[in-house]
Amino acid sequence: MKNKVYIQDVTLRDGMHAIKHSFGKEILTQLAIALDQAGVDAIEIAHGDGLSGSSFNYGFGKHTDKEWLSGIAEQLQNAVLTTLLLPGIGTIEDLKVAKDLGVKSVRIATHCTEADIAIQHIAEARKMGLDVGGFLMMAHMNTPKNLAKQAKIMEDAGAHCVYVTDSAGALLMHEVEERVDAFKLELNSDTQIGIHCHHNLSLGVANTIVAMEKGAYRLDASLAGMGAGAGNSPLEVLIAVLNKMGVEHNCDLFRLMDLADDIIRPMQERPVRVDRETLSLGYAGVYSSFLLHAEKAAKKYGLDTRDILVELGNRKMVGGQEDMIVDVALDMHKKVNHD
Amino acid sequence: MDKVKVAIIGSGNIGTDLLIKIIRQSDTLSVAAFVGIDPESDGLKRAERMGIKIISSGVDGLINTEEWDDIKIIFDATSAKAHLYNWEKIKTYTEKKIIDLTPAAIGPYIVPPVNLSTLHHENNVNMVTCGGQATIPMVYAVSRVARVKYAEIVASIASKSAGPGTRANIDEFTETTAKAIESIGGAERGKAIIILNPAEPPLVMRDTIFTLSEIVDRQLIINSVNQMVEDVRKYVPGYELHQEIQFEIIDEENPIYIENLGMCHGLKTMIMLKVKGAGHYLPEYAGNLDIMTSAAKITAEMLVNMQ
């Protein structure tokens, strides 16, 4: 057997994007328990945009983060309960609440050039005794070398692990390799490297594997890929591949397959898959979470979702700027009516 | 009338931009001292070249300078922590007023077109945040014609315009802005989001304001917002409504769930702004800098005129 890897499930956080943050408390609890029994190392729970993401801009959750998180930690046997925080959206106060509910690990996420806004949150999370990951989103928008410098800022602030986060599902396999290589050169050898993919170019699993082969230890995945855009690296598929490669992990493949097909897929009103809209996200390098918001705007203003997504890419919009989807749609709507 | 003498503490982006604004544009104020702690800072060097008296030993140096007795108003553009120190030193001089541009917020919040006229007797007033100065007038414009249950603002600024102070304490932005959306904007509950965008060339500041209010005639909201935009433009010429105001009814059958408020329905209003800076210290993309310093300057000028 080869080196062991750390599998973090993101179904109950990134998966929120696919169903407009509408996970019910009961099904979320059942899934967390089932994922624990199926052997994942960590389970991330929050609004899709992290703690306090519930808003007009990102969509209101069916529950608050507090409601989703409460009572879960007590029911997990092995898996670490984790959450996500984006500085600028959530605050250290939100993290304290999550910690009191039993969260043991957190990822602090910033755009790939703005790591210094997370220094305070990473340091405070460490003071609280949490395991801390730094999450560098939209990693395709920075060069490998400069991304690694940003990773170093997070490491210096106290992160145990730093992630290459391909939020747009835009990275090709060699581009993932270059970023993980750059991290290895820049970071201390005891800092772990993580990989978080989106499947918009059908490379979710392949990119996760090449990152692992270059030294990434923490791998993100979700049941049936349940996540923003075309979803994440599908957990059950990733585990099947790791089995065939002889990589050691704790997961039970068939249990995960059953959860993916029996529970998750029927929940998806809009299928999570590579289609013209989600492929456009990866192709244009656009934040995957924009998908459902862009589809809503396209419908309301009589436009093609792809045109909106491509224009958002042209305008260099970054994660969190969901309000600019309506802005773009209104500009395009005016232009169409004018011509 | 002789110009009223003021001092600026803090030689970073905000202090330097404010300095340039007062020198170029103010008929009522003159800068008697520009105060920093690093004689090598770009701000202090620039002020010296412009012939302004500079002090590189902080508030203590300012109080010991011969101009101190004549200075009526002090702008503090340092940090929340430094402001606590500065205020301890200055507050014994009860005839002087301090305008706090840090997130310390010892004194009441001021958003000039909303509540300045009620606060002229205060000795320490706080300018909230750049995002607050841009968005709270809009929240107030809605809340003065319709009861607002919830207001949320999204401020997008160019990475280049966010100085080290902002970056080191981004929670101060979200928390202070949210509080002022409630206490000054008039929303029952407020939420603030800030996004840094590193695009090159840098993008001009954008602000989006969402409110959930009781259902009223939309024209009342449109008129109130347009009037308020005009009021802000008097001191921030680059402030503009970038799109038509968008409305949506959130009906009782499909309510939204808002933390601490429960299930809510009503009229959703979405206001999209663009705030172009005057290009005094940083280029015009830095509308966030411009709106903060312009609000501080008009506050000082109105305090002078009210006396």
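Visitor: Leaving aside its neighbours within four places in sequence, which residues are in contact with Val162(A)?

Guide: They are Gly134(A), Leu136(A), Ala151(A), Met154(A), Glu155(A), Phe183(A), Leu187(A), Thr191(A), Ile193(A) and Gly194(A). Two residues are in contact if their C-beta atoms, placed from the backbone, lie within 7 Å. This is a predicted model, in which local features need pLDDT of at least 70 and side-chain atom pairs count only at pLDDT 80 or more, while totals for chains, interfaces and linings use all residues. Residues are numbered from 1 along each chain as its sequence is written, and chains are lettered from A and ligands numbered from 1 in the order in which they are written.

Visitor: Which residues touch the most other members of the largest nonpolar core?

Guide: Val162(A) is one of them, with Leu136(A), Ile325(A), Val6(B), Ile8(B), Phe75(B) and Val139(B); the core has 215 residues. Such a core is a set of buried Ala, Val, Leu, Ile, Met, Phe, Trp, Tyr and Cys residues joined through C-beta atoms within 7 Å. Buried means that 20 or more other C-beta atoms lie within 10 Å of the residue's own. By that count, 52% of the 307 residues in chain B are buried.

Visitor: What makes E4 and E5 of chain B a pair?

Guide: Pairing requires at least two bridges found by DSSP; E4 (residues 71–76) and E5 (residues 97–100) of chain B have 4, in the parallel sense. Within this pair, Ile74(B) stands opposite Ile98(B). Strands are DSSP runs of E, at least two residues, and helices are runs of H or I, at least four, numbered from the N terminus.

Visitor: How many residues does each chain give to the contact between A and B, and which helix supplies the largest share on chain A?

Guide: Chain A gives 28 residues and chain B gives 30. On the side of chain A that touches chain B, H14(A) supplies the largest share, 4 residues.

Methods:
A residue is buried if 20 or more other C-beta atoms lie within 10 Å of its own, exposed if 12 or fewer, and partly exposed in between; C-beta atoms are placed from the backbone.
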